Each structure stands twice: as C-alpha cells, then as structure tokens.
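Please read the sequence and the model below before going on.

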Amino acid sequence: MHIWLLPLPAERETPHCFPAAYQLLPTVDCIRASRLPRSADRNRFTLAHALCRAMLAHFGNRPAPDWILTAGPKGRPQIAPEQTPQNLDFNLSHTQNLVGCALGIGERVGLDLERTDRAINMAKVAARKFAESERDQLAAVEGTARRTQFFALWTLKEAHAKLTGSGLTKMRETAFDLSGDHPKCRLRHQSNPDDQHPPHRQLGLFRPTPDHQAAWALATANPTRSTPQIRTWTLAEFARHLQAT
Ligand SMILES: CC(C)(COP(=O)(O)OP(=O)(O)OC[C@H]1O[C@@H](n2cnc3c(N)ncnc32)[C@H](O)[C@@H]1OP(=O)(O)O)[C@@H](O)C(=O)NCCC(=O)NCCS
C-alpha cells in the first residue's frame, strides 16, 4: 500500500501548482471544483484529485489525465472496469491544509485524514456513530487524551468505511480496538453483504502533521502485516513532478 500526502498552504493562498493540477482533471471534475464557493475548497479539491491522478500515473500505465474514474457501488470512486487489469485501488481524502491518496496494488484501501483542532461535539458524534466498546475506550481517558482517542477511533472508522464503500450509515456495526500494538476491528455481522473483500483486514494510524490525524485500512489476501509506504510531497516538489510528467 502506498500513501501520498500533500500539505497545503494557508487557506487564502492559492498554491502556484494549481493551474498544472487543474489541467489534469477531466471536465466533470473541473465543473465540480468550479461549483465550490470557497477558493480554499476549490484548491483542496483540485490538488486532491491531481494527486490521485499523479499517483495512478506513477504506479499504473497511463498518463494522469487518461484515467477514467467512475462511481462504484454506493458511490465509492473506482477506476473504470475497462481500465483495471492491473488491479489498482485508490481512495482519497481531503481536510483543512492536507490532501492525501492511498493506492493498493491487488489490495483494497481506505484513507481518512482529519484536522484535530477543529470544533467538534465529540460526545454527540460518539453517541451516534461509535459502538459501545468504543464509547468505553473514550470514557476511559480525559482532556487532550480524549480528543486524541476520539480522532484515532473516528479516522479508523472512516478509513474502514471508505475501504468497504459503506459510507457513514453503519458506523456502529464495526468496532475498533486501540489496545494492542496495531488497531483491530471487529465486525458485528461477519456476513455483512457490504463487506466482500479480501479476508485479511489491516489498519494503522499516523500523524502526518501535528495538527492532523490519519488512518489507513487495507483488505488483502496476504496475512503478513504490511507497512504503507508514505510519501509526503512539498508543493514545490509536486509542482516539479507535474511539470516533468
Ligand atoms: C466519503 C465519506 C464517507 C467521508 O467523507 P469525508 O470524511 O467528509 O471526506 P474525505 O475527504 O475523507 O473523503 C472524501 C472522498 O472520499 C471518496 N468517496 C466518496 N464516497 C465514497 C464512498 N462511498 N466510499 C469510499 N470513498 C468515497 C471521494 O473521493 C471523496 O472525495 P471527492 O468528493 O473529492 O471525490 C462521506 O460519504 C461522508 O459521508 N462524509 C461525512 C463526514 C462526517 O459526517 N463527518 C463527521 C464527523 S467527524
């Protein structure tokens, strides 16, 4: 599994690689970007989708603009079936000041990035979206540790939901456990029809910046624990990469 990250500048600044990034996008995504009212959101959307295409071009066999990305079951973005002989899977995530994309080769992937200093009603989200065992883990810690625990559990839940494509509606069906060396998940219904992916589930957490929590999820046929290869680009490096490709 590979993860590419691109930290973005302050909200009011448009990164100078924006035009080159925009050029990689198909018309449909240019239209989506142009409909976003805030320039920070347009920048973020455009850079996230350009990063995803640059990653597909790097690990796949097509130039970045030529990938056809469609919505699969439940709206999960996927490579068009006619372009998947290499069995690539991707998942992108964007949050304030950071975008990222995960890519699996013969593996199904999910990625979630969250800014941890934003205002959030943790108790309300936990009551609605967390399983009982997760609420217990949250209740066991206080202060800053509770916020850290909350975002760890939340990003794991989202990364896993993004791997399966199930969205945020069945979040309480899957409980995550942070007590061991690596996070683990437990599905309430082992025969969940939404979850027909390779059998071995792996999860991980990392802090891409001091202000962000990240989680990845992987469904693979290989039981050996894998470590994602994480590459963090600077905007200047990414601009040079776009120019060179
Ligand atoms: C995809 C989803 C599950 C997560 O969204 P999110 O955390 O807001 O955003 P992320 O940046 O991590 O992911 C968005 C990307 O996931 C991908 N995505 C969209 N639907 C998806 C699905 N069903 N499965 C997997 N990935 C999906 C898309 O590429 C999307 O980016 P795009 O809209 O620019 O194409 C979304 O459907 C959703 O419902 N979000 C609500 C978030 C929320 O309630 N947060 C509350 C509290 S902390």
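At what angle do helix 2 and helix 3 pack, and how far apart are their axes? Helix 2 (residues 27-35) packs against helix 3 at an angle of about 155°, and the axes are 8 Å apart. This is a predicted model, in which local features need pLDDT of at least 70 and side-chain atom pairs count only at pLDDT 80 or more, while totals for chains, interfaces and linings use all residues. Residues are numbered from 1 along each chain as its sequence is written.

Helices (H or I, at least four residues) and strands (E, at least two) are DSSP runs, numbered from the N terminus. Axes are lines fitted to C-alpha atoms, for helices over the stretch in contact, and angles run from 0 to 180 degrees between N-to-C directions.

**Helix pairs**

Helix 2 and helix 3 are therefore roughly antiparallel to each other. Angles over 145 degrees count as roughly antiparallel. The crossing of helix 2 and helix 3 is right-handed (the near helix is turned clockwise from the far one by less than a right angle). On the helix 2 side, Asp29, Arg32 and Ala33 meet Arg42, Phe45, Thr46 and His49 of helix 3; residues are in contact if their C-beta atoms, placed from the backbone, lie within 7 Å. By class, this contact has two nonpolar, two polar and three charged residues. Ala, Val, Leu, Ile, Met, Phe, Trp, Tyr, Cys and Pro count as nonpolar, Asp, Glu, Lys and Arg as charged, and the others, Gly among them, as polar.

Helix 5 (residues 132-139) and helix 6 also pack at about 155°, with axes 9 Å apart, and are therefore roughly antiparallel to each other. Glu134, Gln137 and Leu138 of helix 5 make the contact with Arg146, Gln149, Phe150 and Leu153 of helix 6. These residues divide into three nonpolar, two polar and two charged.

**Strand pairs**

Two strands pair if DSSP finds at least two bridges between them. The table lists pairs with their bridges and directions.

| Pair | Bridges | Direction |
|---|---|---|
| Strand 6 and strand 10 (residues 212-220) | Eight bridges | Antiparallel |
| Strand 1 (residues 2-7) and strand 5 (residues 98-105) | Six bridges | Antiparallel |
| Strand 1 and strand 11 (residues 229-232) | Four bridges | Parallel |
| Strand 7 (residues 174-177) and strand 8 (residues 184-187) | Four bridges | Antiparallel |

A hairpin joins strand 7 to strand 8 through six residues, and alanine 175 stands opposite arginine 186 in strand 8.

An open sheet of three strands has the order 6-10-9, with antiparallel pairing. Strand 6 (108-115) and strand 9 (200-209) stand at the edges with a single partner strand each, so one side of each has no neighbour in the sheet. Neighbouring strands of this sheet are turned by 15° against each other on average, direction ignored. Glutamate 114 has glutamine 213 in strand 10 as its bridge partner. Helix 6 lies across strand 6, strand 9 and strand 10, and runs at about 145° to strand 6.

**Around the ligand**

Which of the 20 residues around the ligand come nearest? They are Arg76, Ser93, His94, Lys162 and Gly165. Helix 3 (39-59), strand 4 (88-95) and helix 6 (143-164) are the elements that give two or more residues to the shell. By class, the shell has nine nonpolar, six polar and five charged residues.

Key
A residue is near a molecule or strand if its C-beta atom, placed from the backbone, lies within 6 Å of it. Two residues are in contact if their C-beta atoms, placed from the backbone, lie within 7 Å. Angles under 35 degrees count as roughly parallel, over 145 as roughly antiparallel, 65 to 115 as roughly perpendicular and the rest as oblique.
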